[in-house]
Amino acid sequence: MKKTEKPINWSDREHVRTLVEQRKFLWNEDYIDLLAKLIGLKPGNIIADIGCGLGYLGHTYGKFITPGGKYIGVDKNEKLLIMGSKANKSFKFIRSGAEKIPLRDESVDFAMCHTLLLHLKEPEIAIKEMIRITKKHGKVIAFEPNNFGGVCSGWNNLKETPLEELLERVEHNYRIYKGLEKLGFGDWRIGEKMPYLFKKYGLKNIEVRMNEKVHAIIPPYNTPERKKRSNEHLKSLEDFLKSTKSKRRKNLLEGKQFYLAGGGSEEGFESYIKNQEKKLGKESGEVIRMLKEESLYAAGGNFFYVTIGEK
């Protein structure tokens, strides 16, 4: 099967919005403080953020390296770098891919990446480059998820998910993730593999932590985070019900080529889509009512790893 999907353009309006919105409330502030201490950030340090996008890691961890520190963001998307530099004039941005980082050997104290490696066909190249630019006894840090791990996560007080439906969801998503990997769109489960990869390429004193964030909707929806999560859920369901039947099906059909590349069948994919259409059509109205009444409880999350290795 040919690789027919176009690479994601992270600088288009919708993906920029996604970059910003997905990172709001992604980590608890006290946990960020804990990670900064564990990593060993201190004033005067130099951080290189590979695949930096808008400079998220700079905004998150820059406060720990001031005064005297330096943040260098590296990304191949020029438009994102322009937006990032406008947001913070003190950041330095360099346009480059992760496969050949234009920084000297052993020139930074910390080389970091956040949700970069899962998108790469050959993440090992980027890892070796991050190690190359890191000073001796400096550290390489990868914030990378296992997106498949969250497939079974997610509960609400409307209805318990039947076992058959849960197993169908696991099989469907597993095939899509395997198809993504096979077609060169990266490994969406790479987070849990990072300790092995770090060790393989010579890092030592490897430590792993996991994001302890729970994505929850808890009444009353009276905090910025709860409002955001409940409003996002409400909007997605209302948009689904407002859309035409053909548009609904088109959205559900996204990922078909990856499902097939991952070993799935046409019949299996069609069966899953029909079941999803039926489920969403049946339950969406009730969930919308509960969200508006602020009576819906929901909780879930993904496996998001922080792997730290010393050079």
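Helices (H or I, at least four residues) and strands (E, at least two) are DSSP runs, numbered from the N terminus. With those labels in hand, let us begin the tour.

This is a predicted model, in which local features need pLDDT of at least 70, side-chain atom pairs count only at pLDDT 80 or more, and totals for chains, interfaces and linings use all residues. Residues are numbered from 1 along each chain as its sequence is written, and side-chain values use heavy atoms, with hydrogens and water left out.

**Stop 1**

Select Thr115, in the loop between S4 and H5. Its phi is positive, about 50 degrees, although Thr115 is not a glycine. Is Thr115 buried or exposed? With 18% relative accessibility, Thr115 counts as buried. Here buried means under 20% relative accessible area, exposed means over 50%, and partly exposed is in between (1.4 Å probe, protein chains only).

Now jump to Glu294, in the loop between H11 and strand S9 (298-300). Glu294 is not a glycine, and it too has a positive phi, about 60 degrees. Glu294 is partly exposed, at a relative accessible area of 34%.

**Stop 2: the nonpolar cores**

A nonpolar core is a set of buried Ala, Val, Leu, Ile, Met, Phe, Trp, Tyr and Cys residues joined through side-chain atoms within 4.5 Å. In soluble globular proteins, nonpolar side chains tend to be buried together.

Select Ile50, Leu103, Leu117, Ile133 and Met194: these have the most contacts inside the largest nonpolar core, which has 28 residues. Colour the elements that give two or more residues to this core: strand S1 (46-50), S2, strand S4 (108-114), helix H5 (123-133), strand S5 (134-146) and helix H7 (194-200). Which element gives the largest share of this core? That is H5, with five residues.

Zoom in on Leu103 and show what surrounds it. Leaving aside residues up to four places away in sequence, Leu103 touches Ala48, Ile72, Ile94, Val108, Arg132 and Ile133; contact here means heavy atoms within 4.5 Å.

There is also a second, separate core of 26 residues, which includes Tyr56, Leu57, Phe64 and Phe91.

**Stop 3: helix H4, side by side**

Select residues 78-87, which make up helix H4. Its buried residues are Leu80, Leu81 and Gly84. Look down the axis of H4: these buried residues fall within an arc of 100 degrees, so they line one face of the helix. The arc is that of the directions from the helix axis to the C-beta atoms. Turn to the other side of H4 and you will find Lys79 and Lys86 exposed.

**Stop 4: salt bridges**

Side chains of opposite charge can pair when their charged atoms come close. A salt bridge is a side-chain nitrogen of Lys or Arg within 4 Å of a carboxyl oxygen of Asp or Glu. How many salt bridges are found in the whole structure? The search gives 21.

Start with Lys63 and Glu29, whose closest N and O atoms are 3.7 Å apart in their salt bridge. Lys63 is in the loop between helix H3 (56-61) and strand S2 (70-75), while Glu29 is in helix H2 (residues 29-39), so the pair ties together parts that are 34 residues apart in sequence. Lys63 counts as partly exposed, at 47% relative accessibility.

Next, select Glu232 and Lys228, four residues apart in helix H8 (residues 224-242), about one turn of the helix. Their salt bridge has its closest N and O atoms 2.8 Å apart. Glu232 is partly exposed, at 36%, whereas Lys228 is buried, at 14%.

In helix H11 (residues 266-293), pick Glu286 and Arg289, three residues apart. They form a salt bridge with the closest N and O atoms 2.2 Å apart. Glu286 counts as partly exposed at 31% relative accessibility, and Arg289 counts as partly exposed at 36%.

Finally, select Lys159, Glu165, Lys279 and Glu283 together, as they are linked in a network of salt bridges.

**Stop 5: cis peptide bonds**

Go to Thr66 and Pro67, joined by a cis peptide bond with omega about 0 degrees. Pro67 is in the loop between H3 and S2. Then move on to Pro219 and Pro220: the peptide bond from Pro219 to Pro220 is cis, with omega near -5 degrees. Pro220 is in the loop between strand S8 (215-217) and H8.
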